[in-house]
Amino acid sequence: MANLQLGRTQFGDPINAGNLLSEAEALQLLEDWVPNERLRLHMKQVAKLMKTWALQQEGLSETAAHSWWLAGVLHDADWEKYPDEHCRRIIEELEMRQIDPAVIRTIACHGPRHFGVEPETTMEKMIYVFDELSGFIHAAALIRPTRYEGMDVKSVLKKLKTPSFAAQVNREEIQDAVSRTTLTLEEVITFILNNQPEVSISA
Ligand SMILES: [Fe+2]
């Protein structure tokens, strides 16, 4: 496997604080960089969770919450086309476009073991928390006849304890991510189950 360590912990230029891509610009970047519809859906799911968390739990403004959305929607943008350079490629693109350093650093924080950047801010910690769990819960929903409907925390916990289910999802990483917050695993799963079902590829 490629070495994805970024070798630095600072990103972007503070002078660009507040400089964000619009929703349309970000979705266009996704169209250009990510042919895989499932991967695009994953990024939209994480984006929605990030934004809703920012608004509901952090009490942030729409504008501030948009930066959370942006980090979520772009965090895997280079994964399909440049797997060996993930997430260096999208970081360099956003630095070139002079995007807010907080957004870029959040993207760099979504896998501390892979990229070598430790989450510090709440936004950084939450992308790490949501990333794997969001994908895991979606995989669990897909194999149920009623999908998300009637899905509860208990069934997700049970699946997490079943190593053969979605074996590529690293359970230790999920525990590590949650342990860096004041939240419990159950609370995060509940939040995802409440907010993820409405996200669709066209949203
Ligand atoms: Fe991801």
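Tutor: Start with Thr106, which lies in helix H5. Helices here are DSSP runs of H or I with at least four residues, strands are runs of E with at least two, and both are numbered from the N terminus. Residues are numbered from 1 along each chain as its sequence is written. This is a predicted model: local features need pLDDT of at least 70, side-chain atom pairs count only at pLDDT 80 or more, and totals for chains, interfaces and linings use all residues.

Is Thr106 buried or exposed? Thr106 counts as buried, because 30 C-beta neighbours sit inside 10 Å. The cut-offs are simple: 20 or more other C-beta atoms within 10 Å of a residue's own make it buried, 12 or fewer make it exposed, and anything in between is partly exposed, with C-beta atoms placed from the backbone.

Now its partners. Leaving out residues up to four places away in sequence, Thr106 touches Ala71, Met123, Glu124 and Ile127. A contact means that the two C-beta atoms, placed from the backbone, lie within 7 Å. Thr121 is 15 residues from Thr106 in sequence, and their C-alpha atoms are 8.4 Å apart in space.

Ala71 and Ile127 are among the residues that touch the most other members of the largest nonpolar core, which has 52 residues. Met50, Ile107, Ala108 and Leu133 are also on that list. Helix H7 (residues 122-142) gives the most to this core, with 10 residues. Such a core is a set of buried Ala, Val, Leu, Ile, Met, Phe, Trp, Tyr and Cys residues joined through C-beta atoms within 7 Å. In soluble globular proteins, nonpolar side chains tend to be buried together.

Neighbours within four places in sequence aside, Met50 is in contact with Trp68, Trp69, Ala71, Gly72, Met126, Ile127 and Phe130.

Next, the helix alongside. The axes of H4 and H5 come within 10 Å and cross at roughly 175 degrees. H4 and H5 are therefore roughly antiparallel to each other. On the H4 side, the contact is made by Ile90, Ile91, Leu94 and Glu95; on the H5 side, by Val103, Ile104, Ile107 and Ala108. The axes are lines fitted to C-alpha atoms, for helices over the stretch in contact, and the angles run from 0 to 180 degrees between N-to-C directions. Under 35 degrees counts as roughly parallel, over 145 as roughly antiparallel, 65 to 115 as roughly perpendicular, and the rest as oblique.

Which residues of H4 (residues 88-96) are buried? They include Ile90, Ile91 and Leu94. These residues lie on the same side of H4, because they cover an arc of only 105 degrees around the axis. That arc is taken from the directions running from the helix axis to the C-beta atoms. Helix H3 (62-74) and helix H5 (101-108) are among the elements covering the buried residues of H4.

Glu92 lies in H4 and is partly exposed, with 14 other C-beta atoms within 10 Å. Arg8 is 84 residues from Glu92 along the chain, yet their C-alpha atoms are separated by 13 Å.

Look at the two ends of H4. Cys87 is in the loop between H3 and H4. A cis peptide bond joins His86 and Cys87, with omega about -5 degrees. After H4 comes Gln98, whose phi is positive, near 60 degrees.

Finally, step back. The chain has 10 helices and 0 strands. Its radius of gyration is 16 Å, close to the 17 Å from the globule rule for 203 residues, so the chain is as compact as a globular protein of that length. That radius is taken over C-alpha atoms, and the rule is 2.2 Å times the number of residues to the power 0.38. Buried residues make up 39% of the chain. Of the contacts with a separation of 6 or more, 69% are between residues 24 or more positions apart.
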